[in-house]
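Colleague: I have a structure open and would like to go through it with you. Can we start with the whole chain and then look at single residues?

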Amino acid sequence: MDLLSALSLGELALSFSRVPLFPVFDLSYFIVSILYLKYEPGAVELSRRHPMASWLCAMLHCFGSYILADLLLGEPLIDSFGNNSSILLASAVWYLVFFCPLDLFYKCVCFLPVKLIFVAMKEVVRVRKIAVGIHHAHHHYHHGWFVMIATGWVKGSGVALMSNFEQLLRGVWKPETNEILHMSFPTKASLYGAVLFTLQQTRWLPLSKASLIFVFTLFMVSCKVFLTATHSHSSPFDVLEGYVCPVLFGMAWGGDHHHDNHGGSLSGGGPSSAHSALPTKSKEELSEGSRKKKTKKTD
């Protein structure tokens with residue numbers, strides 16, 4: 001207790017929750033978001049041929065979470081573009097990432113130590129957006145737990161959830177890449193974080209909002225920086241979900257991946273259906289061979 005009081009964690013958490021996001025943290029958020037856009041196949045060519053479409057995609061990457069939250073709460077979608085300073089800052093980042101001479105800006109922000117700093121600062125913005133989204137939804141629906149969770153979730157991962165719409169702006173349609181089907185770590189973490197902040201908002205979690213923001217931000221920053229540094233696409237939740245999913249849903253973790261590779265699982269045959277397909281194929285081959293023999297005899 002002496003150590004905790006000496007560190008003044010409560011005051012530190014309160015001070016941290018009051019740190020303004022604009023412009024430094026928002027700038028980092030825009031840089032990382034537009035970097036992810038540039039990583040998309042064909043994004044550079046799109047910026048050269050159709051700059052307006054590329055700019056709209058960049059704005060979706062930067063403000064997609066606000067647009068989805070406004071859509072859920074029935075507010076004007078155009079409100080997301082009411083902050084001129086944020087729009088200009090995001091547009092400047094988009095221009096520098098795609099059109100800076102010699103790609104100097106892109107090379108600088110992609111330098112791994114620098115990129116890790118930006119990634120960490122982006123997670124600070126993500127957690128704050130989840131908390132603000134749930135607080136906003138609570139004003140509209142005091143007892144709407146699912147509304148608060150949904151609003152906090154899209155606030156934290158709205159860009160990923162809008163990925164299919166953003167692909168349409170780039171002239172790409174890949175429904176199999178739906179984020180609901182293949183949730184990334186930020187999407188899962190935003191959902192779990194939305195649940196925690198909803199419990200705190202409704203006073204079911206005996207923890208102050210500032211402390212929850214501080215603790216959850218530490219978790220998100222640590223995980224995302226580690227995953228980015230190691231170039232890993234795994235999730236820290238995989239181990240836990242590997243134990244929980246078989247109990248709750250009666251299937252082993254990774255069953256969806258197995259289903260993708262072995263499409264016959266839905267027919268109820270499992271391995272036997274795979275074996276049953278082989279004789280069918282061999283019969284067709286035999287019939288084809290016999291037909292050729294008959295043709296030769298006729299000739």
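Colleague: What percentage of the residues of the protein chain count as buried?
Modeller: Of its 299 residues, 38% count as buried. Keep in mind that this is a predicted model.

Colleague: And how many helices and strands are there in the protein chain?
Modeller: The secondary structure comes to 15 helices and zero strands.

Colleague: What about the accessible surface of the protein chain?
Modeller: That is about 17,600 Å², and 68% of it belongs to carbon and sulfur atoms.

Colleague: Which residues does UniProt annotate as "transmembrane region"?
Modeller: The unreviewed UniProt entry puts that annotation on residues 20–39, 51–73 and 93–118.

Colleague: How far apart are the end C-alpha atoms of residues 20–39?
Modeller: They are 29 Å apart, and the span is 80% helix and 0% strand. For residues 93–118, the end C-alpha atoms lie 13 Å apart. That span is 81% helix, with 0% strand.

Colleague: Now Phe 63. Where is it, and is it buried or exposed?
Modeller: Phe 63 sits in helix H5. Its relative accessibility is 5%, so Phe 63 counts as buried.

Colleague: What is Phe 63 in contact with, leaving aside neighbours within four places in sequence?
Modeller: Phe 30, Ser 80, Ser 86, Ile 87 and Ala 90. Take Ser 80: it is 17 residues from Phe 63 along the chain, and their C-alpha atoms are separated by 6.7 Å.

Colleague: Which helix does Asp 70 lie in?
Modeller: Asp 70 lies in helix H5, which covers residues 51–73.

Colleague: Which side chain of opposite charge is nearest to Asp 70?
Modeller: Lys 155, at 6.0 Å. Asp 70 is buried and has no salt bridge.

Colleague: What does Asp 70 touch, then, not counting residues up to four places away in sequence?
Modeller: Asp 70 touches Glu 75, Pro 76, Leu 77, Asp 79 and Ser 80. Ser 80 is also one of the contacts of Phe 63.

Colleague: Change of topic. Which residues form a nonpolar patch on the surface?
Modeller: Val 239, Leu 240, Tyr 243, Val 244, Val 247, Leu 248 and Phe 249. Together they have about 820 Å² of accessible area.

Colleague: Where is Leu 248 found, and why does it count as exposed?
Modeller: Leu 248 is in helix H13, residues 238–249. Its relative accessibility is 58%, and exposed means over 50%, so Leu 248 counts as exposed.

Definitions and conventions:
Residues numbered from 1 in each chain as written. Predicted model: local features only at pLDDT ≥ 70, side-chain atom pairs only at ≥ 80, totals over all residues. Heavy atoms only, no water. UniProt positions renumbered as here; feature names shortened; annotations may be inferred. Helix = DSSP H or I, 4+ residues; strand = E, 2+ residues; numbered from the N terminus. Patch = residues over 30% accessible without salt bridge, like charges linked within 9 Å, V, L, I, M, F, W, Y side chains within 5 Å. Areas by Shrake-Rupley, 256 points an atom, 1.4 Å probe, with all protein chains shown as cover. Salt bridge = Lys/Arg side-chain N within 4 Å of Asp/Glu carboxyl O. Buried < 20%, exposed > 50% of the residue type's maximum accessible area, 1.4 Å probe, protein only. Lys, Arg positive; Asp, Glu negative; His and termini not counted. Contact = heavy atoms within 4.5 Å.
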